[in-house]
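Morning, everyone. Please have the sequence and the model open.

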Amino acid sequence: MKERILVTGGTGFIGSHTVVELQNSGYDVVIIDDLSNSKADVVENIEKITGIRPAFEQVDCTDFAALEATFAKYNGIKAIIHFAASKAVGESVQQPLKYYRNNIVSLVNLLELMPKYNVEGIVFSSSCTVYGQPDVLPVTEAAPTKKAESPYGNTKQINEEIIVDTVNSGSPISSVILRYFNPIGAHPTAFIGELPLGVPQNLLPYLTQTAIGIRKELSVFGDDYDTPDGSCIRDYIYVVDLAKAHVKAIDRILENKMLEKVEVFNLGTGRGLSVLELINEFEAATGVKLPYKIVGRRAGDIVKVWANPERANKVLGWSADTPIRDVLASAWKWQLKLREDGIM
């Protein structure tokens, strides 16, 4: 068994897939999650996949005392992957203080506790939202960050700055910051996947829920953008590929391979796909016809963004190369499993 890793938000969409990949790589995993946007039975489903039940504590990362009790209980945590955060852009505009409290206080608490408990490093879950609408495509890590379009995006920028300031102050920790593009799909077993509470904020769960009849039709926001087919373009990355990048980042920290105390990587495929292209690929992958309609543009939407993942490819030794139709088929398999289990 390798070192012990703490995963905050480990029962969430990306967190649960990352726990699976960590366990498959031999790491001992402790999950903490307040279950505000996930369910406890995810822990059992992780065990079904890996044969190992990760330790789990229902803890809110903004509760300093409860967080410290977890560090004390699970001695020898070597590194942290920090996913726990509120993440709905629209909600953040309506409830900014909730986002600033949850997303910033949780990180500050972790950074304060790490030196006390000899935790060597932290992998931070960031986002391509820090780039806004980039001036140059594809986006490299050298692209300037821009004023955030939402409080959610602003918390990602602020947290990145907090990490850099903390490390520069002489704190004995290092950090890998991972800027995700658009994670989609589900584990090939269909034991874990994306399960949003209420109306989905992300495109793919809304798409699969429409395909199975839960939603009447999918709205495509705008067909008059400056793109080949007029719909917005994003870089869609398979969540399992994304999870594997976190294992690479943990390896890098614990094997002392980092060239700087803070390193930043873009995680994407390097290919942009429009909303209409994604719909066509879904129909080709599943044989299911998707009802959709073109509606007006949505405020705040970025027109087009996709990653230049060369740095992650070369430095981390990681790439996202699962074919898009396989990714979309995994999401559909997950939706069918939810229906079979009477969940959705």
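How do the residues of the lining of the largest cavity divide into nonpolar, polar and charged? They divide into nine nonpolar, four polar and one charged. Here Ala, Val, Leu, Ile, Met, Phe, Trp, Tyr, Cys and Pro count as nonpolar, Asp, Glu, Lys and Arg as charged, and the others, Gly among them, as polar.

Some ground rules. This is a predicted model, where local features need pLDDT of at least 70 and side-chain atom pairs count only at pLDDT 80 or more, while totals for chains, interfaces and linings use all residues. Residues are numbered from 1 along each chain as its sequence is written, and side-chain values use heavy atoms, with hydrogens and water left out.

What is a cavity? On a 1 Å grid over the protein atoms alone, it is a set of points where a 1.4 Å probe fits but cannot get out; lining residues have an atom within 4 Å of a point. Points are joined across faces, edges and corners, and a volume is the space filled by probe spheres set on them.

The whole structure has two cavities of 30 Å³ or more. The largest has a volume of about 100 Å³. Its lining has 14 residues, and E194, L204, P205, T208 and W334 lie nearest its centre. Helices α7 (203–211) and α11 (324–340) each supply at least two lining residues. Helices are DSSP runs (H or I, at least four residues), and strands are too (E, at least two), numbered from the N terminus.

The second largest cavity holds about 50 Å³. Its lining includes H82, N103, F124 and K156. Four of its lining residues are nonpolar, five polar and one charged.

Now α11. Which of its residues are buried? I324, V327, L328, S330, A331, W332, W334, Q335 and L338 are. Buried means under 20% relative accessible area (1.4 Å probe, protein chains only). Their cover includes β7 (182–184), α7 and α9 (275–286). Just after α11, G342 takes a positive phi of about 75°.

Last, the packing. The largest nonpolar core has 59 residues. Such a core is a set of buried Ala, Val, Leu, Ile, Met, Phe, Trp, Tyr and Cys residues joined through side-chain atoms within 4.5 Å. Helix α8 (residues 239–254) gives the most to this core, nine residues.

Methods: 1 Å grid on protein atoms, 1.4 Å probe; cavity = no way out; pocket = protein on both sides within 12 Å on 5 of 7 lines; lining within 4 Å. Buried < 20%, exposed > 50% of the residue type's maximum accessible area, 1.4 Å probe, protein only. Contact = heavy atoms within 4.5 Å.
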